[in-house]
Amino acid sequence: YEEYFESLKRVEVKNPRFKTKGWKSLLDERLGAGYEIIAPRMPNAANAKYAEWRLWFEKHFKFLNDEVILVGHSLGASFLTRYLSEEKFPKKIVGTFLVAGPFSVDEDRQLVEFVPPASLKLLEEQGIKIFLYHSKDDDAVNFAELAKYQSALPTATVRAPDGYGHFIDDEFPELVADIKSL
């Protein structure tokens, strides 16, 4: 593992515009001119480790402009929550969008490394406008996780639609509208 982690440190990111599936791949088209989408594929997603994701995330900072909109989906939302609660982000954040993220550990998700700290004060301070999304029919992350985010981030705008599941389909017009509203 140590050799793998060291090799991850040495990799230079050259093109952060990876193709993804669903609404993430359509953000360029849906948002239009004026937005540049950077969607890094995080390492070892099947056996995610916070330290690896942190290292990989930070390698993408050089591609960011001065004003950033951050979107995290599922474990990516959990990652952003923890990262932005513990670290000062090097660019100005315009908005933070957390989509269908697990907040705590349960018997089905042993993701202790991604659990946020007790205080999300730094996230609130630097996340600026925070949006939380969770579908009532999410079959991957229990809908009750949204209440935990709401409690920890009481000033966040909350969207709780029904019929989106775990947000893996092509359409997510609420996200596009909220990004454009910033």
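Strands are taken here as DSSP runs of E of at least two residues, numbered from the N terminus. On this basis, T157 belongs to strand β4. The structure is a predicted model, and the features described below are computed from it.

When neighbours within four places in sequence are set aside, the residues in contact with T157 are K129, I130, F131 and L132. Strand β3 spans residues 129-133, and strand β4 spans residues 157-159.

Both strands also take part in the surroundings of helix α6. This helix comprises residues 144-152, and its buried residues are E145, L146 and Y149. Viewed down the axis of α6, these buried residues lie within an arc of 105°, and they therefore line one face of the helix. The cover over the buried residues of α6 includes helix α4 (75-86) together with the strands β2 (92-99), β3 (129-133) and β4 (157-159).

A100, which is not a glycine, has a positive phi of about 50° and is located in the loop between β2 and α5 (121-127). The relative accessibility of A100 is 0%, so A100 counts as buried. F167, likewise a residue other than glycine, has a positive phi near 60°. The place of F167 is the loop between β4 and α7 (173-180), and with a relative accessible area of 2%, F167 is buried.

Two packed helices are described by the angle between their axes and the distance between the axes. For α2 (residues 23-31) and α7, the axes come within 11 Å and cross at roughly 45°. This angle makes α2 oblique to α7, and the crossing is right-handed. On the side of α2, the contact is made by W23, L27, R30 and L31; on the side of α7, the contributing residues are L175, V176, I179 and K180.

How values were computed
Residues numbered from 1 in each chain as written. Predicted model: local features only at pLDDT ≥ 70, side-chain atom pairs only at ≥ 80, totals over all residues. Heavy atoms only, no water. Buried < 20%, exposed > 50% of the residue type's maximum accessible area, 1.4 Å probe, protein only. Helix = DSSP H or I, 4+ residues; strand = E, 2+ residues; numbered from the N terminus. Arc of directions from axis to C-beta. Contact = heavy atoms within 4.5 Å. Axes fitted to C-alpha atoms, helices over the stretch in contact; angles between N-to-C directions. Parallel < 35°, antiparallel > 145°, perpendicular 65-115°, else oblique. Left-handed = near helix turned anticlockwise from the far one by under 90°.
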